[in-house]
Structure formats: structure tokens, C-alpha cells
Amino acid sequence: MHGSNHVNQWFKVVLVSLSILPVGCSVEPVRTVVVNAESLQKRPDVPVISMNTKKDSMRDLINGNWNYGGRMLESTRNSDPARVKFHTSYSQNRWMVVEGTLSTGKKYPVVIDTGASSALFVNDIHILENKLPIRPLGAGDNNSFGWGMCHLPRLRIGKVTLANWPCFYGEQHTEVQLLGLPIAKAKPIIVGLPALRRFKYIAFDSINKEVEFSLEKVFECNSPDLWTRYPFVIEEYLGGNAFLFVKIPIAGKETELQLDTGCGRGLAINEELWGKIRGRIQNTTLRKGRDLYPYIGWLACKRGVIPKLDVGARTVRNATISVFPNDSPLVEQCQGLLGMQCFQDTVMVLDFERSSIWVKYPQNH
């Protein structure tokens with residue numbers, strides 16, 4: 001993914017990454033649907049931020065300073081990395097998710113999502129349950145789902161607090177319905193790459209089901225023979241967007257894929273890359289299907305399961321793969337996405353100091 005980017009592409013790219021939201025089949029009586037909420041700015045119980053707001057973070061954003069960044073606060077003087085257990089929703093979605101607490105005291109699953117190019121993202125449920133002040137972005141082709149900015153003063157994850165970060169919202173959420181009646185609503189808060197890169201490193205330990213955050217200490221690889229290192233680059237674009245691409249062999253073929261820690265699937269790639277690696281993969285049949293991506297809809301693809309897929313120096317068993325047309329909105333700006341199924345039995349470290357990911361060999365290596 002190289003070249004210029006436009007602000008109006010931000011909404012599409014960011015929300016494609018929200019494929020991490022739970023989706024399911026459309027077969028009755030149980031199905032997962034995307035729900036468009038009513039206009040939040042028309043509700044009397046939702047405060048609307050004026051252009052003359054005194055909140056520095058909101059004023060900067062409204063004035064066009066999209067690169068404004070918030071603060072990272074630690075609730076203890078101890079600079080040791082903090083470990084936080086996976087949220088219970090990990091068992092269903094296999095995304096990298098922990099629990100977070102807003103300044104109102106309400107708790108939500110927080111997805112640690114390198115596939116999201118905005119710092120923070122919430123949906124209409126968070127706005128309504130916490131009465132968050134909003135600033136709608138106005139009507140237009142890129143705002144058909146009610147985009148806007150909101151003031152999210154605090155998000156606490158373990159002993160680390162994200163304070164006054166730019167936060168965007170959409171007037172949509174997904175929900176599971178039984179006979180047309182909602183039985184579960186998706187309430188994940190998304191923490192994207194612009195905020196995540198403020199840490200020295202983040203370790204995703206899928207063995208112990210924990211995430212380790214370090215604001216001050218750099219990652220120390222004490223046993224190099226147990227780890228493999230792969231370089232990544234972060235590309236920045238107009239509008240404060242940031243995308244992380246890792247160079248890693250797939251089926252022995254060197255690739256550059258967008259790392260998506262907010263997705264529990266395996267590979268989502270374009271037809272061009274599939275053509276390059278398909279001869280290296282055995283016993284895999286792709287069948288026509290569709291994948292649902294909230295705010296985009298159903299995307300045509302070919303789907304399958306790869307019994308043994310070499311990802312870097314490791315072999316992933318029963319890796320899921322979806323192959324999209326080259327002009328699909330999911331892959332129009334990159335060759336594909338690498339999901340966390342490829343690291344489900346190991347530890348993967350995002351080392352922002354060295355622009356690398358470290359992948360530990362499994363215990364039975």
C-alpha cells in the first residue's frame with residue numbers, strides 16, 4: 001500500500017477493519033444483523049458540542065488538526081509492563097480484546113486493533129449509555145451512517161488510561177437476533193494504531209490469554225533462539241490515518257500484509273496474491289461465499305480452510321482464508337490482511353521501538 005490517500009477514504013478503510021465485530025449467517029431463526037441507529041443529534045438526551053467548545057481535544061479536531069493525540073496516564077509509579085487478561089468475548093471472536101472502563105464507570109470489551117487507523121472508535125450504544133457529547137460530521141456520501149466525533153475523556157485499561165484521545169463514532173452496531181428480536185448487542189470499543197503506537201511494545205500472549213502493555217520499558221528478547229523477528233512499517237496519511245504492514249513469508253512467499261490484531265480469522269487476501277501462493281498450498285478448495293463487514297455490507301469472496309499454512313517460520317493448522325477480487329474495498333489498498341488465528345498458539349509482540357513483530361515458537365517446538 002503506497003501512494004497518496006484521501007480523507008474520504010478513511011471511513012471506508014477504518015470500518016473495513018471492523019470486520020472484527022461478530023457476524024453470523026442470515027439463516028433464521030438466529031441471525032446477526034447490522035442495525036442503523038436513529039440520528040443521535042436529534043435526541044434531546046445526547047449533548048452536541050458546539051464549534052466554540054472549550055475542550056482542547058475537540059476544538060483541535062473541529063479546526064482540522066486531525067493529528068491531535070491524547071495522553072497516556074499510568075495509575076502507578078511502577079514502570080513495569082502491565083498484563084491484562086483477555087475479555088470473555090475472545091472465546092467467540094479470537095480477537096485481541098481486554099476489558100476497559102470509561103469515566104462513567106461502565107465497562108466494555110476493548111479491542112486492541114492494529115487494523116483500525118483511528119485512535120478510538122465507539123458506536124451509538126456507547127454514546128447513548130454514557131451520554132457522550134458528540135460533534136456530527138454532517139451529511140454527504142461519506143456520512144450515510146452518521147459519522148461524527150465525540151468527547152471520550154477517559155478509557156482505563158488495567159493501570160493505563162487513555163485521556164482525551166480523538167474518538168470517532170458511527171450510528172451503527174451489530175446485534176444477534178432471535179426471531180427478529182435482539183438478544184445480544186455488540187459493544188466493543190476499538191483502540192486503533194495511532195494510540196497503540198504510543199507504547200514501547202504490546203505483547204499478545206494467546207497461551208496465557210493476556211495482553212502486556214509497556215509504556216516505558218522496551219521489549220527484551222532474552223532467548224533469541226526462541227523467537228523469529230519480522231520487520232514492519234507504519235504508513236501515515238492525511239487525516240491522521242496510520243496503517244501497519246508486516247513483511248512475512250506466507251507459504252514460503254515473501255509478502256507484505258496489513259496486520260489486523262482485531263480479527264480472529266486467518267488470511268483475507270486479494271486474487272493477485274492468491275495466484276502467487278496457491279501452487280504452494282495443498283488440499284485446499286475454495287468455494288464461493290460472502291463475508292459481512294459492518295458499514296460496508298456483504299463482500300463476495302472465495303472461502304476455504306488450509307490444513308497446513310506456513311506463516312513465517314511456523315505452521316498454522318486449519319487456517320481460514322478468504323480471497324477477494326482485486327477491486328474489493330477490503331483489499332483495494334493492500335494485498336491482504338493477516339489475522340490473529342495465525343498466532344493463536346503462541347506469543348506475538350508488537351515492538352514499536354524496533355519496528356518489528358516477534359513471534360515465539362510454540363512450546364512443543
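Rings of Phe, Tyr and Trp (its six-membered ring) pair if their centres lie within 6.5 Å; planes under 30 degrees apart count as stacked, over 60 as edge-to-face, and the rest as tilted. By this rule, the count is seven aromatic pairs.

The model is predicted: local features need pLDDT of at least 70, side-chain atom pairs count only at pLDDT 80 or more, and totals for chains, interfaces and linings use all residues. Residues are numbered from 1 along each chain as its sequence is written, and side-chain values use heavy atoms, with hydrogens and water left out.

**Exercise 1.** Classify the pair formed by the rings of tyrosine 201 and phenylalanine 219.

*Solution.* A pair of aromatic rings is described by the distance of the centres and the angle of the planes. Step one: the centres of tyrosine 201 and phenylalanine 219 are 5.5 Å apart. Step two: their planes stand at 70 degrees, so the pair is edge-to-face. Step three: both tyrosine 201 and phenylalanine 219 are buried (under 20% relative accessible area; exposed is over 50%, partly exposed in between; 1.4 Å probe, protein chains only).

**Exercise 2.** Describe the pair of phenylalanine 219 and tryptophan 358, and state which parts of the chain it ties together.

*Solution.* Step one: this pair is tilted, with 5.7 Å centre to centre and 50 degrees between the planes. Step two: phenylalanine 219 lies in the loop between β16 and β17, and tryptophan 358 in strand β26 (residues 356-360), so the pair ties together parts 139 residues apart in sequence. Strands (E, at least two residues) and helices (H or I, at least four) are DSSP runs, numbered from the N terminus. Step three: ring pairs link Tyr201, Phe219, Trp227 and Trp358 into a cluster.

**Exercise 3.** Determine the strand order of the open sheet that three strands form, and name its edge strands.

*Solution.* Step one: the order is β1-β12-β13, with antiparallel pairing; two strands pair if DSSP finds at least two bridges between them. Step two: β1 (30-36) and β13 are the edge strands, as each pairs on one side only. Step three: β1 and β12 pair over seven bridges in the antiparallel sense, and valine 35 stands opposite histidine 173 in β12.

**Exercise 4.** Locate leucine 179 and decide whether it is buried or exposed.

*Solution.* Step one: leucine 179 is found in the loop between β12 (172-178) and β13 (181-185). Step two: its relative accessible area is 65%, so leucine 179 is exposed.
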